[in-house]
Number of protein chains: 2
Amino acid sequence: MDQNRYLEVINRAIEELDLEKEPRGLYEPIRYILDLGGKRIRPVILLMACDIYDGDENAALPAALAVEVFHNFSLIHDDIMDRAPLRRGKPTVHEQWNANTAILSGDTMLVKAYEQLLQLPAHILKPALEIFNRTAAEVCEGQQYDMDFEDRDDVMLDEYLEMIRLKTAVLLGAALKLGGLVANAPEEDLDHLYTLGIETGMVFQLKDDLLDTYGDSVLFGKRQYGDIVANKKTYLYLLTLKSLVGKDREMLARLFANQETDPEVKVRKVLHYFDKVNVKELTERTILEHYRKAQAAFHALQIPDEKKQILSDFTEMLLGRKF
Amino acid sequence: MDQNRYLEVINRAIEELDLEKEPRGLYEPIRYILDLGGKRIRPVILLMACDIYDGDENAALPAALAVEVFHNFSLIHDDIMDRAPLRRGKPTVHEQWNANTAILSGDTMLVKAYEQLLQLPAHILKPALEIFNRTAAEVCEGQQYDMDFEDRDDVMLDEYLEMIRLKTAVLLGAALKLGGLVANAPEEDLDHLYTLGIETGMVFQLKDDLLDTYGDSVLFGKRQYGDIVANKKTYLYLLTLKSLVGKDREMLARLFANQETDPEVKVRKVLHYFDKVNVKELTERTILEHYRKAQAAFHALQIPDEKKQILSDFTEMLLGRKF
């Protein structure tokens, strides 16, 4: 089954969610953000994981909706915190309505995610909720670390990696694991699926950091150097800072503390330090490490090769390469 | 068992919650709001309901913690939306920290509430979650209506009653029902417990409206006329507005639209209209109606009289009178 089919199934199920309820001020923003679309990566991989163990797609669908609704809840609240004006090219919920609406509609979405989970088969309800609860708390922790880091100038590389694990990777891990759980996958495979999701998430996020500086803006659709201009303490910045000493180190830190510098001048100066420590190659090495861990988890799965194809297609979509 | 014993059990359990975790910026505010104390009405009545059916208090405790943690989650987020500076005489979370922290710590508390529910006995997990989910969504709906009403000048009395049912009463109903559920109370009694909670909550909230204007500020510890000064569309205001016609009606509406008027003058003028339509007596009549519904639900419970005493003590605490 190809990925577009999964996406169709999910989009249809999202369409059918009963959100035409009162009060409109609460439910309209939920419909709005869910209709902004996107690749629906998390629910898609959940259905995939269920599929490769010949699980019942209909039984997995509530879990798929739960992770997608949860993900969008976190986007609404993160966008308030980050004062983001746009999400997928449209006004964010707090811009389109206001911050109060964004808080409350987000809260309701979190409750709705749990409502979905309740529709899972009774025998997996508790383990599914355990995975979901732990993941939801971790995503909040990740967002808190991310905000904390903005005000800190002593963030360690390991702390950064832990932050992106919590903020981004665990939900991918949970999605794959939940899909396997619905399909009664063997216990060890549930662990492998989780690891596969985590490591894929790490690769995905680190690549995102890398592409901002060394990617092709036409190909990746993201404005290059946006992270540098916004003083974002990405993996590249933290790694470069760690590798520099003395005056160089001081200069780079100052460039990221300053809001005033001309963007073009700033980017040129920062790139000088990035290149000086060879940050591109070093980051690619870290990405490769996580890719290899994902690959190992993938190969450990006790499934026939033709099933592996499904997941391999997905990693190609997400990472640009197959296992 | 007296109410203080229930309170002690709950406070000890709250103390023992593991919140000394990282990141501190996320978990400290949770500890802070939970330690502000209060009467813990919701978890107390949950344990009571369990007790009157000879249920296992330890089995009910996670549900009691869940409703208390949920209640405090809603306080944190409501306080942001209402721009409230104080909560129980201390700075609100968004004042003590900031709005972002208040959003994210609140989110985490909602997840933690579900975490508690997962510790309930397996056979009641699903029905307990169903009650909780529905209630949680309704509380959000109530808050949305409350905010909507601020900008509307055509709020009907029935809409107001529905708003306070959602915002305040359903959580009391859910608490009593969850307590009965843990104790395997008969199905009809679960419905009666729910109704008892709902109607008690209605009485409680309507009394709150009444006391702002006709209460004794020394006895009730709340500044009198605060609702009038803040243009709050309480039951008293809406009922008076409905009962007035022509120029009187216009004048009252104008008084509540105006931020400029001298508070003392405004209160005197508003009281004139309140008294003109006899709003005190009319409100007392509505309160009595809800009190009678609560009483009927109370008497319908299939429990021995000595058990009824426990709940009657509680209504005295909450409403100032026994059933």
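**Close-up views of a predicted two-chain model**

**Figure 1. Helix α4 of chain B.** In this predicted model, α4(B) contains 26 residues and spans 36 Å from its first C-alpha to its last, close to the 38 Å expected at 1.5 Å a residue. The expected span of a helix is 1.5 Å times one less than its number of residues. Helices (H or I, at least four residues) and strands (E, at least two) are DSSP runs, numbered from the N terminus. The helix α4(B) is mostly covered, since 21 of its 26 residues are buried. A residue is buried if 20 or more other C-beta atoms lie within 10 Å of its own, exposed if 12 or fewer, and partly exposed in between, with C-beta atoms placed from the backbone. Just after α4(B), R83(B) adopts a positive phi of about 50°. Residues are numbered from 1 along each chain as its sequence is written, while chains are lettered from A and ligands numbered from 1 in the order in which they are written. As the model is predicted, local features need pLDDT of at least 70 and side-chain atom pairs count only at pLDDT 80 or more, whereas totals for chains, interfaces and linings use all residues.

**Figure 2. Packing of α6(A) on α4(B).** The axes of α6(A) and α4(B) are 9 Å apart, and the two helices pack at an angle of about 160°. Axes are lines fitted to C-alpha atoms, for helices over the stretch in contact, and angles run from 0 to 180 degrees between N-to-C directions. The helices α6(A) and α4(B) are therefore roughly antiparallel to each other. Angles under 35 degrees count as roughly parallel, over 145 as roughly antiparallel, 65 to 115 as roughly perpendicular and the rest as oblique. The crossing of α6(A) past α4(B) is left-handed; a crossing is left-handed if the near helix is turned anticlockwise from the far one by less than a right angle, and right-handed if clockwise. On the side of α6(A), the contact is made by N100(A), I103(A) and D107(A), and on the side of α4(B) by H77(B), I80(B) and M81(B). Two residues are in contact if their C-beta atoms, placed from the backbone, lie within 7 Å. The residues of this contact divide into 3 nonpolar, 2 polar and 1 charged. Ala, Val, Leu, Ile, Met, Phe, Trp, Tyr, Cys and Pro count as nonpolar, Asp, Glu, Lys and Arg as charged, and the others, Gly among them, as polar.

**Figure 3. The contact between chains A and B.** Chain A contributes 31 residues to the contact and chain B contributes 31 residues. On the side of chain A that touches chain B, the elements giving two or more residues are α2, α4, α6 and α7 of chain A. The largest share of that side, 15 residues, is supplied by α7(A). The residues of the side of chain A that touches chain B comprise 18 nonpolar, 7 polar and 6 charged.

**Figure 4. The helix pair α7 and α8 of chain B.** The axes of α7(B) (residues 122–150) and α8(B) (residues 157–182) come within 7 Å and cross at roughly 165°. This angle makes α7(B) roughly antiparallel to α8(B). Their crossing is left-handed. The contact of α7(B) with α8(B) includes 16 nonpolar, 3 polar and 5 charged residues.

**Figure 5. The surroundings of A174(A).** A174(A) is located in helix α8 (residues 157–182) of chain A. A174(A) counts as buried because 30 C-beta neighbours lie inside 10 Å. Not counting residues up to four places away in sequence, A174(A) touches V67(A), I131(A), F132(A) and T135(A).

**Figure 6. Helix α16 of chain A.** The helix α16(A) (residues 305–319) has 15 residues and reaches 20 Å from its first C-alpha to its last, close to the expected 21 Å. Its buried residues are L311(A), F314(A) and T315(A). These buried residues pack against α1, α3, α9 and α15 of chain A. After α16(A) comes G320(A), with a positive phi near 80°.

**Figure 7. Backbone details in the loops.** A cis peptide bond, with omega near -5°, runs from E22(A) to P23(A); P23(A) lies in the loop between α1 and α2 of chain A. R88(A), a residue other than glycine, has a positive phi near 50° and lies in the loop between β1 and β2 of chain A. R88(A) counts as exposed, with 10 C-beta neighbours inside 10 Å.
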